[in-house]
Amino acid sequence: MPVVATLTGGTTAQAAPNHPVEDGAVFGLTVEHRTDPLGVDAARPRFGWRMRAAGRGRNQGAYEIVVATSPGKLTGGRADVWSSGRVRSADSVAVRYSGTPLTASTRYYWTVTVWDTEGRLVGTGPVGWFETGLMSMDGVTGWDGAQWIGMKGKAPNSPGAPMLRTEARLRGRVREARLYVSALGVYEAYVSGRRVTVPQDGDATLELLPPGWTNYDARVNYLTYDVSHLVAREPVVTLAAVLGNGWYNGRISDGSSYYSKDGNALALKARLLIRYTDGTAQSVVTRPDGSWKATDTGPYRADDIYDGQTYDARKELPGWTSSRFDDSAWSDTEQVPFETRYQGVQLLAYPAETARLMSRWDRRPQSITVYTKVTGDGKGRIVVDPDRTVTDPHRAATARTTLAAGDTAVFDMGQNMVGVPRYTLCGPAGAQVTFQFGEILNDSSAGADGPEGSLYRANLRSAKATSTYILKGDRDGETHQDSLTFYGFRYASVTATETVTIAGLTGKVATSAIHETGTVTTNDPDTNQLISNIRWGQRGNYLWVPTDCPQRDERLGWTGDTQVFSTTGLYNADAGPFLGHFQDTVIDSQTIYGQDQAQFTGVAPSGRYNFPGGGSGWADCGIILPWTLWQMTGDPAVIERSWPAMTRYLDWIRRQTGDTYAGQGSLTGDWLAPQKTSAQLMSDVYYGYVAHLMGRMARAVGRPAEAPTYEQLFADIKRAFITKYLSTEGGTVTLRSSLGDASPIEPGSDPNQKTEDNTQTALLWVLKLGLYDTEAQRHALVGHLADNIGNDAAYKAAHPNSSRVKYAENTLSVGFLGVNVLAPVLSDEGRADLAYKLLHQDALPSWLFSVRGGATTVWERWNSYSRTDGFGPVGMNSFNHYAYGAVMEWMYAYMAGIARDPDSPGFKHFLLQPHIDPTGKIAHVVGSHESPYGEIRSEWRVTDDGASLTYEAVVPANSEATLRLPATSADTVREGRTPLARVGGVRFLGHTDGIASYLLPSGTYRLTSGLR
């Protein structure tokens, strides 16, 4: 179609061919990295799209974005909001809106037309839309007088969750309705008798604990819902909500600037905007003017993030969320003076996918064990009732279990998960049923906290993690699902005060990682189980913020865990908006809790465990996370908005250490590493790393003049590091990683264990950053690393005092700060053989050690549990902790071979570099990742005789890849019978050290190569 002149900005385009190259060739339209988002507060939202093409080498040469107030105005030059005009550009990621200012609470429709580099029309995308939120930050503009209100006279922490309601008569025929809502605490919202839901997988689902967790004295989230179908049901609309303590009023926030030991008053802020077909509008808002009523006498008796929820069904108030309910005996509401307490606090639209229940991952019991007593010496063992015990998974999934007082049923869900239980109970009124949750069962080994076969809960520390339900006596059964807390569990231990029957127990999985964008599978069951464990760990710990663990009295946004796992997280899931929002929280925490308002913190949000002092490896998240987001999404916006905070942090470190060029120090060091490395060395390494990243990022955000400053800083850090740590005394290269103590705060560590030279983590980082002078030194360092990992008899004899002596050959010895660089550095140094040996190792310490132990998520410690030594140190021992799962970054980038190019963020250009398993255990790998340009696919298979390789790859349109394929010679790399070097559009780059390299245009490839 002909392209018209722009409405605002852009250029006038020329006519182009009026038939698309391929039907449906433009797809995947996003706004702010989301599909058809509701409640966008960005003044200049970012558009994205993808293109597909049947042939090879098709790239975008130009685009035109049009935005209009209705779909019909997107064609024929009638766009009444904005047209970019035909812009000559290959950009299709995060293209900014540049039209007239957008109006709040308005739905806009848009599409994009794309031409290829030869000027041919590729196609026009489908009609997408986005809807603005209230477009304000002050909590006043757009809220139409809504105030923070709570139950009048209710003392914080007094029993009973506040339940608030109001009614309003409609004034005409409803065209649409939007609910804008937030809470100090968490909420579950109702409109005209129906719980407010969000669309998911073609249906609807419930969110869990909206509006999420922030530094409440800096910003609070609000959410937007389309409730048109609920409001139009009857002539009177009812708006109601239950308020829970959430993170705002729980001990999880102890140490935070907003925390009060006497409790914080819970509050609701909402605006229900109703628009009528006649063009008029009506708002129902939270005001303490008598129109809202409140009570705390309902069934929600207690709730806490750590401790769980108590629900008394005898106190249910039927119809309280609907019209015509008699609330005359309820209390009035009062204004909660939140803004006056925290002046300048921002109320912002949540910019990512909310945490919600994902029915596709629901878990049903795999076994049910009923026991009646305990027998034996010591802690004893349970006595199982065989008549009520069900071991067949198919029967257990639907079995009904009857318990009397004194009985215990242990339900095994088969998967360590995060969410809430849903169950149906039958029994007499007043019977109390208690569900306690845990990750593992007791055995007879050391550290067990109860009889063999019972639920192990010592690792929860002070968290009660208990769901309590008191029956009302309904003969038809009573179904319940907790909504004001969450649990991390595989097992549920159930008891009752009277005889009850339990049916339909379901683990409802909750996560913010709802769109999975990557997969890796192999022919090796153990590796596949490890991959599953990593994925489940991410699902459970990406819940509003990226947390360390989901079960004990912690569940915090530890920044070290986040930065180590972030690349894996972004391969696995569309987590860009989620982690971008977390980066904003990290910056808030810097100002509130950071030393000198400059140091990034170890935890965000809140002040719990935000220790002062050295924070290297954790505080550096404030720089590493923007870098990783930019690399994986291709959008530099997070760098742009983080730049002042990042420079403030680097300037602060420089003031602390001056011309020594040492890092700030690290209280954590290489956390939980079996072999101890100087924490100061780790701090120095990370100082150099973030200085290097700042130099790379400066140019990305239009600050080239600042890049040399950080490049010189890195050079100075490198020189100081080499001088201090790299010894060549006696002609022997030694990395002096023993210079300084390890972490002084690591729970369960051996106080007599010393730091050592040439530790794995130290060697890995030195090699990664090039902290050496000569290639000979590099070669020596690689040798030290190989010897340490190999750990053979000769190595042990030469290092009799090393911690490595007690471990097997070919084992790792890294902690949190070494795990994500271990396999990549080995592969980059030509030792993929060692990377694969470590992957397949199942002796301690290794990834498969936990798999052999029956794990279904990644453990916090390499030795969280063993059949011989029992349970790990109870002070800190999570069985769902994703940090060590960062190895999956290597699985994508090296094993499957889908690797980003740091010089081309967002996979505009990327590497296809499959690394074949020299052990032969893995002979088939399938990897995929949904990049900003489309799905990248990489699949390889080694023939049974090991003589040849078959390889298939997909390079999305508007991108290109460098292929590095194992081959005895370039001539053996063929597409069909044709050498790949002679295939049209493919550029041969060379053959070196058994690797043939090519530049591939977009398209699908099916290749073979000779391996011997």
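Visitor: Where does UniProt place the feature "domain: Bacterial alpha-L-rhamnosidase N-terminal"?
Guide: The unreviewed UniProt entry puts it at residues 173-340; such annotations may be inferred rather than shown by experiment. Residues are numbered from 1 along each chain as its sequence is written. This is a predicted model, where local features need pLDDT of at least 70, side-chain atom pairs count only at pLDDT 80 or more, and totals for chains, interfaces and linings use all residues, while side-chain values use heavy atoms, without hydrogens and water.

Visitor: How much helix and strand is there over residues 173-340?
Guide: The chain there is 4% helix and 45% strand, counting DSSP runs (helices H or I, at least four residues; strands E, at least two). The end C-alpha atoms are 39 Å apart.

Visitor: And which residues does "domain: Alpha-L-rhamnosidase concanavalin-like" cover?
Guide: The unreviewed UniProt entry gives residues 407-498. That span is 0% helix and 53% strand, with its end C-alpha atoms 10 Å apart.

Visitor: Turning to helix α8, what span should its 21 residues have?
Guide: At 1.5 Å a residue (times one less than the number of residues), α8, residues 637-657, should span 30 Å, and its end C-alpha atoms are 31 Å apart, which agrees.

Visitor: Where is the kink in α8?
Guide: At Trp643, shortly before Pro644, there is a kink of about 55°, the angle between axes fitted to the seven residues ending there and the seven starting there. Just after α8, Gly658 has a positive phi of about 60°.
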